[in-house]
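Keep the sequence and the 3D view side by side while reading.

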Amino acid sequence: MSTIYFDSQHSESLRRENIFRGDIYVFSARPSTRAFVDFSRNLAIEAFAPHDPCAAQHHMQAEEFAAILSQLKPRFMHDPKVKEQMRAIFEEFGEDPEQTFFDVPRMRTMTHGDYLRTGIALAVPPHRDTWFAGHQSQLNWWFPVSGVEPENTMVFHPGYFDRGVDNVSDRYNHQQWMETSRAAAAQQIKTDTRPLPEIRQEIDTSSDFRIQCEEGGLLLFSASHLHSTSPNNTGKTRFSVDFRTVNLDDVVAGRGAPNVDNKSVGTTLSEYLRVSDSTPIPESVVASQ
Ligand SMILES: [Fe+2]
């Protein structure tokens with residue numbers, strides 16, 4: 001059974017150990033997380049001005065909205081200030097700067113209804129982030145920014161943390177995916193449309209829960225948790241930001257969440273950078289995974 005720890009004082013190593021058993025850590029806003037989220041929100045406000053980013057979809061065509069996002073998201077991902085803010089978060093949460101590696105932060109949006117999709121508002125079906133070649137020791141750091149409500153936030157299916165589901169993660173090969181996407185970007189053609197990992201069964205939702213925390217708060221959990229997102233019918237666009245970390249000792253020692261059904265090929269580890277000096281994970285370690 002999973003435990004949810006609120007504002008825990010656990011050491012970083014105990015926290016990882018518990019997360020590998022399916023526990024989830026929830027933290028109230030702290031100076032470092034608030035700065036990170038405020039910065040993210042301000043970028044979105046600037047990008048959608050004069051509209052409120054959560055309501056902008058009601059004031060413009062979907063093409064215009066998508067064009068704004070296509071500038072905003074990479075800007076956030078590559079802003080040097082964001083990396084500094086992430087380092088401040090790692091320091092405040094007691095991460096070892098030599099052993100902890102992070103990947104680029106992402107800004108996620110989920111619009112209300114079927115605005116940016118064809119057909120009805122689709123839910124994001126249950127999946128594990130590890131199905132996309134994430135390491136079994138990967139931690140997800142997830143922050144609500146604006147417009148996040150229980151009706152549009154992520155849903156955890158904790159009953160499946162140590163129970164496999166029928167899925168087709170074996171059709172995901174990370175290195176192949178990256179090469180194809182790069183080629184597609186270079187040729188400015190529509191990005192790869194090959195099928196992604198997918199669940200192939202109905203799940204028992206009786207143990208589901210959602211966690212609502214204030215903006216500036218943080219959810220820290222294993223990338224191996226089965227989770228999904230409800231269709232967004234709140235009338236607002238939801239904004240969140242997230243990034244991932246791994247600890248080099250865990251990777252080398254093979255510690256992490258149990259692998260109950262992840263059959264993806266390859267690894268995302270070559271994209272991670274060390275907190276202290278932004279060097280990548282040694283190639284020999286990546287190659288051994
Ligand atoms: Fe996910």
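In this predicted model, helix α2 meets helix α4 through S32, T33, A35, F36 and F39 on the α2 side. The α4 side of that meeting is made up of K81, V82, Q85, M86, A88, I89 and E92. The axes of the two helices are 8 Å apart, and the angle between them is about 155 degrees. Angles over 145 degrees count as roughly antiparallel, and α2 and α4 are therefore roughly antiparallel to each other. The crossing of α2 past α4 is left-handed.

Two residues of this region can be looked at one by one. F39 has its place in helix α2. Leaving out residues up to four places away in sequence, F39 touches K81, V82 and Q85. Is F39 buried, partly exposed or exposed? A residue needs 20 or more other C-beta atoms within 10 Å to be buried, and 12 or fewer to be exposed. F39 has 17 such atoms within 10 Å, so F39 is partly exposed. E214 is 175 residues from F39 along the chain, and the C-alpha atoms of F39 and E214 are separated by 16 Å.

R87 belongs to helix α4. R87 also counts as partly exposed, because it has 17 C-beta neighbours inside 10 Å. From C-alpha to C-alpha, R87 and S32 are 8.9 Å apart, although 55 residues separate them in sequence.

Apart from neighbours within four places in sequence, M86 is in contact with F36, F102, P105 and F243. Which residues have the most contacts inside the largest nonpolar core? They are M86, F143 and L220, in a core of 39 residues. Several elements give two or more residues to this core, including the helices α2 (31-48), α3 (62-78) and α4 (80-92). Among the strands that do so are β6 (139-146), β8 (218-222) and β10 (238-247).

Next come some points of backbone geometry. Most residues other than glycine have a negative phi, and most peptide bonds are trans. The peptide bond from A49 to P50 is cis, with omega near 10 degrees. P50 sits in the loop between α2 and α3.

| Residue | Phi | Loop | Other C-beta atoms within 10 Å |
|---|---|---|---|
| D7 | about 45 degrees | between β1 (4-6) and α1 (12-19) | 10 atoms |

Is D7 buried or exposed? With 10 other C-beta atoms within 10 Å, D7 is exposed.

Finally, the whole chain. The protein has seven helices and 11 strands. Its radius of gyration is 19 Å, close to the 19 Å that the globule rule gives for 289 residues, so the protein is as compact as a globular protein of that length. The C-alpha trace spans about 50 × 45 × 40 Å along its principal axes. Of the 289 residues, 37% are buried. Among contacts between residues at least 6 apart in sequence, 85% join residues at least 24 apart.

How values were computed. Residues are numbered from 1 along each chain as its sequence is written. This is a predicted model: local features need pLDDT of at least 70, side-chain atom pairs count only at pLDDT 80 or more; totals for chains, interfaces and linings use all residues. Helices (H or I, at least four residues) and strands (E, at least two) are DSSP runs, numbered from the N terminus. The radius of gyration is taken over C-alpha atoms; the globule rule is 2.2 Å times the number of residues to the power 0.38. Two residues are in contact if their C-beta atoms, placed from the backbone, lie within 7 Å. A nonpolar core is a set of buried Ala, Val, Leu, Ile, Met, Phe, Trp, Tyr and Cys residues joined through C-beta atoms within 7 Å. Axes are lines fitted to C-alpha atoms, for helices over the stretch in contact, and angles run from 0 to 180 degrees between N-to-C directions. Angles under 35 degrees count as roughly parallel, over 145 as roughly antiparallel, 65 to 115 as roughly perpendicular and the rest as oblique. A crossing is left-handed if the near helix is turned anticlockwise from the far one by less than a right angle, and right-handed if clockwise.
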